[in-house]
Amino acid sequence: MKIAVCIKRVPVMEVKFAIGKDGASVDETGLKYDVNDFDLWAVEAALQLNEKNAPGEVTVVSLGPDAAAEQLRKALSMGADRAVLLKADKQPPDGLAVAEALAAELRGGNYDVIFFGKKAIDSDAQTVGPMVAELLDLPCVTSVFKLDIAGGKGTAQRALEGATETVEFPLPAVITVDEGLNKERLPSLKGIMAAKKKPMETKPAQIGTAGVTMAKMELPPERGAGRIVGQGAAAVPELVKLLQTEAKVI
Amino acid sequence: MANVFAYVETRGGEGRKAGLEAVSAARLLADQTGGGEVHALVAGAPGIAGQSARLAEVGADVVLVVEHAALAHYNPEAIAATVAARITSGGYRAAVFSATSQGKDLSPRVAAKLRAPLAPDAVALAVDGDAIVVRHPMYTGKIIGSLKITASPALLSIRLGAIPVTPNAKAGRMEQVQPATDPAAARVKVTQVVEGNTGKVDLGEAPVIVAGGRGLKSADNFKLVEQLADSFGNAAVGATRAVTDEGWRPHSEQIGQTGRVVSPELYVAVGISGAIQHLAGMRTSKTIVAINKDKEAPIFKVADYGIVGDVFEVVPALAEAVKQAKANG
Ligand SMILES: Cc1cc2nc3c(=O)[nH]c(=O)nc-3n(C[C@H](O)[C@H](O)[C@H](O)COP(=O)(O)OP(=O)(O)OC[C@H]3O[C@@H](n4cnc5c(N)ncnc54)[C@H](O)[C@@H]3O)c2cc1C
Ligand SMILES: Nc1ncnc2c1ncn2[C@@H]1O[C@H](COP(=O)(O)O)[C@@H](O)[C@H]1O
């Protein structure tokens, strides 16, 4: 089987972000980066599928700056076979423009399955996967937490608000991965050594024209620390009173 | 003066609140861009036209009805093709979708078909000259972006609860629309929809959420959380990843960076430490209450009201007191 996975380099979120001088970007000073959470699960899904259907090949693709090679290397050390870096120093806040660049790379690759994360935790958009599927005219199932692929077709489950949907689809297909599908493996020492010799191709990203622009970025208002109403069950009457009279939520 | 399109989500032949919010958002945009019409499209098995009256009440001038037996479940390919065709022929200024599981699946497909810009997951909308600007939380809620679209049609999806449903009666002229592709021939087929927690409000729509963490210590003890939720009457139950990892609750109830993002009137965090990934999913709640035995727990830094104490003692007492307050109120 030929499988592709699109992975994004995203900042580690355990920091206090600052807005850049232009007022419409993130100040990157001091930020650390990793593979987007959902994309790690997408890589794991690809590796497991490939292991079940050997021989095969898993290609990881990332659009980003030179440094995104680190994230591709991580996927290679988990077990992916080859990597493609679509080089772009800036990414527009427009999923379609990014999707066009990824589709240009994936088109003609004859992949049986192309995996995406459900969403990138920086853009929090949840758009690129189904857009690429549409641009390539492939069947697509989004936000999958259970997946079964065999004999040229698949069954997937996805969560709706308060319900679960079961979906059937033929291959080739695009799948976007939700949490719960699997737990990603950690790169082994052997994997890390092997990754150094795996092929990584770099080419310029063919980003589409952006129809969505970032007019402004702001930090949300800080939540003022509240108060401790009291200790133990004795504090309950006071809490209920505050919820009624002050917060007016009961 | 331009018209605005709204996609109305349905499930099991019923309209959903998300759909009414989409129509309300479209109404807002139409009124702010010169008072054009709102055209609401609703798709489903024959009989779905019955939803029209409700859509007219909240501002639909025209209800576009797509009926086909193979649309009984959400049919991503046929609906995307039909919606895209209609947006093209209708010459709309904007098209509004819900930022729900269904809307987040549908809107990017339509955007790619039309090569049209899509601003996802809006919590607020504004018209600024000839541009539409939406506010969109990013970076796990730590940054709010203002996304701007000048071109027509501008596609946007709106977060559940972001736009209030307001009565604004319009004619709701019905118009039948044929599916643009044969729904029965779609490659991707929804074969089953299993409703969970029937009768319970969804996390995205619940005005009150009671969420439990590892402090509950077992799946069984979650009945305390459920009892507290029941005492409010209109509450949904949420959980942390520690809890869903343990299998005490399903992942669909997880709130946070990799789970649901919610913003209820009241969020009660029970036995939850307040890890940054959890805060990412609930920090915009209107009022936050925390119950934790550790007074240093980070959840107290975002809580409006805290009780330092044992959940096994405080939660039953709180459930009882809320029930009393409701009965007297
Ligand atoms: C990539 C990534 C994504 C993540 N995504 C999410 C996400 O979406 N959602 C999420 O929730 N987490 C997420 N996490 C996990 C997160 O980091 C925390 O581990 C998790 O939120 C902790 O859950 P908890 O508060 O239930 O457990 P703990 O951190 O163990 O806290 C339990 C709390 O209960 C209190 N307690 C214990 N016993 C009692 C008692 N008897 N009475 C009162 N209080 C008591 C303790 O004082 C403690 O504060 C993610 C982590 C990573 C790395
Ligand atoms: N720059 C990128 N490079 C590779 N994959 C990406 C990139 N941006 C987004 N993706 C993929 O698209 C998914 C959804 O991203 P988004 O639509 O931005 O939330 C991610 O989980 C990735 O799988």
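Tutor: Ligand 1 lies between chains A and B. This is a predicted model, in which local features need pLDDT of at least 70 and side-chain atom pairs count only at pLDDT 80 or more, whereas totals for chains, interfaces and linings use all residues. Residues are numbered from 1 along each chain as its sequence is written, chains are lettered from A and ligands numbered from 1 in the order in which they are written, and side-chain values use heavy atoms, with hydrogens and water left out.

Student: Which residues come nearest to ligand 1?

Tutor: A residue is near a molecule if one of its heavy atoms lies within 4 Å of it. Of the 27 residues around ligand 1, those that come nearest are R214(B), T240(B), S273(B), Q277(B) and N292(B). Helices (H or I, at least four residues) and strands (E, at least two) are DSSP runs, numbered from the N terminus. In chain B, α6 (241-246), α7 (276-279) and α9 (311-328) each supply at least two residues of this shell.

Student: How do the residues of the shell around ligand 1 divide?

Tutor: Ala, Val, Leu, Ile, Met, Phe, Trp, Tyr, Cys and Pro count as nonpolar, Asp, Glu, Lys and Arg as charged, and the others, Gly among them, as polar. The shell around ligand 1 holds six nonpolar, 14 polar and seven charged residues.

Student: Which atom of D310(B) lies 3.0 Å from a nitrogen atom of ligand 1?

Tutor: A polar contact is a pair of N or O atoms within 3.5 Å. For D310(B) the atom is a polar side-chain atom. I255(B) places a backbone N or O atom 2.8 Å from a nitrogen atom of ligand 1, and Q257(B) places a backbone N or O atom 3.1 Å from an oxygen atom of ligand 1. Accessible areas come from the Shrake-Rupley method with a 1.4 Å probe; of the 990 Å² that ligand 1 has on its own, the protein covers 80%.

Student: What is the order of the open sheet of ten strands?

Tutor: Two strands pair if DSSP finds at least two bridges between them. The order is β11(A)-β5(A)-β4(A)-β1(A)-β6(A)-β10(A)-β7(A)-β8(A)-β9(A)-β13(B), with mixed pairing. The edge strands, each pairing on one side only, are β11 (200-204) of chain A and β13 (189-195) of chain B. Within the sheet, β7 (residues 140-150) and β8 (residues 153-160) of chain A run antiparallel and are joined by six bridges; L147(A) has A156(A) as its bridge partner in β8(A).

Student: Where is the cis peptide bond with omega near 0°?

Tutor: That bond runs from A54(A) to P55(A), and P55(A) lies in the loop between α1 (37-52) and β4 of chain A.

Key: Polar contact = N/O pair within 3.5 Å; in protein donor to acceptor, adjacent residues only side chain to side chain.
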